[in-house]
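Here's a quick briefing to read alongside the model. Have a look at the fold first, then come back for the details.

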Amino acid sequence: MRRVFVSALVLSALSVPASYGTVWAGPLQLTPDANAALPPDQNGGAAQPQQQRSAQIQSNLGGGFIELLFGGAAREPMIQRPFQPLPEPYSRGSQPGQPDEEAQQAALTQLSSNDPATFAPSSQGDMAHPPVDPKYDRQLVDYRSEEKPGTIVIDTPRHFLFLVQDNGKAMRYGIGVGRPGFTWEGVKTISAKKEWPDWRPPSDMLQRRPDLPRYMAGGPENPLGARAMYLGSTVYRIHGSNEPWTIGANVSSGCIRLRNADVIDLYNRVQVGTKVVVM
């Protein structure tokens with residue numbers, strides 16, 4: 001019975017009229033020949049359109065299982081889409097959202113430069129820190145003092161550093177000062193100036209914070225920031241900070257900190273031997 005059924009299938013497939021221009025494309029697969037002549041319609045008219053011809057060929061396959069076996073399901077035409085280049089990060093071999101090595105190196109070089117513009121003062125905060133009050137931005141103000149021009153006056157309670165100028169003026173900077181128990185008063189002089197200073201925490205600080213490193217090379221991550229001015233023989237300094245949001249607060253162990261842009265500006269205006277009055 002199985003042999004009879006298979007034989008019927010083969011004979012049904014081979015019974016497709018040759019005049020319809022079908023050719024063998026492979027075992028048990030019939031494909032219409034696009035170059036074959038189209039048969040005239042039954043009324044003797046012109047050649048049938050290609051769509052009608054394909055439908056007639058499929059109907060001659062016997063329908064049902066035979067048509068599915070040899071004719072197959074109707075296929076949608078292939079659509080050719082224009083070539084679209086990959087996004088630029090892929091074309092450079094980078095992963096999305098990650099800068100390439102050249103961009104990272106350029107950013108590091110800029111951050112490590114001595115250009116004051118790299119450290120422009122800002123009152124804006126970020127996701128983790130509140131904005132700094134704009135009153136702590138560097139500005140020229142009226143200031144009456146008995147101190148000579150060029151003297152630094154540090155107003156600890158108000159968190160301001162004044163560089164006395166001529167004609168009753170002063171350049172005012174916002175500062176961070178010592179925490180309760182670490183503030184001090186006195187008159188000192190600038191004994192040394194250093195750019196991108198190294199940091200060696202004093203022994204009393206290490207006793208309080210044994211987790212601190214014993215030494216840290218100068219750089220953008222250094223707590224002393226971009227510049228430092230050392231006050232006499234003490235452990236105190238006027239220095240920059242990599243935490244600009246602490247300006248206007250009592251945060252240090254007695255040092256006077258400024259934003260990096262401000263400490264660079266002050267550093268360029270004063271000399272070794274400058275008088276510093278801390279109130």
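Which side chains meet in a salt bridge at 3.9 Å, N to O? Those of Arg 259 and Asp 262, where a salt bridge is a side-chain nitrogen of Lys or Arg within 4 Å of a carboxyl oxygen of Asp or Glu. Bear in mind that this is a predicted model, so local features need pLDDT of at least 70, side-chain atom pairs count only at pLDDT 80 or more, and totals for chains, interfaces and linings use all residues. Residues are numbered from 1 along each chain as its sequence is written, and side-chain values use heavy atoms, leaving out hydrogens and water.

- Arg 259 and Asp 262 are both buried (under 20% relative accessible area; exposed is over 50%, partly exposed in between, with a 1.4 Å probe and protein chains only).
- Bridges with shared partners tie Asp 137, Arg 138, Arg 259, Asp 262, Asp 265 and Arg 269 into one network.
- Asp 262 also meets Arg 138, at 2.6 Å, N to O.
- That pair spans 124 residues, from helix H7 to the loop between helix H5 (101-111) and S3; helices (H or I, at least four residues) and strands (E, at least two) are DSSP runs, numbered from the N terminus.
- Asp 262 counts as buried because its relative accessibility is 0%, while Arg 138, at 31%, counts as partly exposed.

**Sheet**
- Nine strands form an open sheet with mixed pairing, in the order S3-S6-S5-S4-S13-S8-S9-S10-S12; two strands pair if DSSP finds at least two bridges between them.
- At the edges sit S3 (139-142) and S12 (256-257), each pairing on one side only.
- H7 packs on the sheet, touching S4, S5, S6, S8, S9 and S10 (237-239), and its direction makes about 55 degrees with that of S9. Contact means heavy atoms within 4.5 Å; axes are lines fitted to C-alpha atoms, for helices over the stretch in contact, with angles from 0 to 180 degrees between N-to-C directions.
- S8 (residues 186-195) and S9 run antiparallel, joined by 5 bridges.

**Nonpolar core**
- The largest core has 24 residues; a nonpolar core is a set of buried Ala, Val, Leu, Ile, Met, Phe, Trp, Tyr and Cys residues joined through side-chain atoms within 4.5 Å.
- H7 gives the largest share of this core, 4 residues.
- Ile 238 touches Ile 152, Met 229 and Leu 266, among others.

**A buried histidine**
- His 159 lies in the loop between S4 and S5 and counts as buried at 10% relative accessibility.
- Its contacts beyond four places in sequence include Tyr 136, Tyr 173 and Asn 250.
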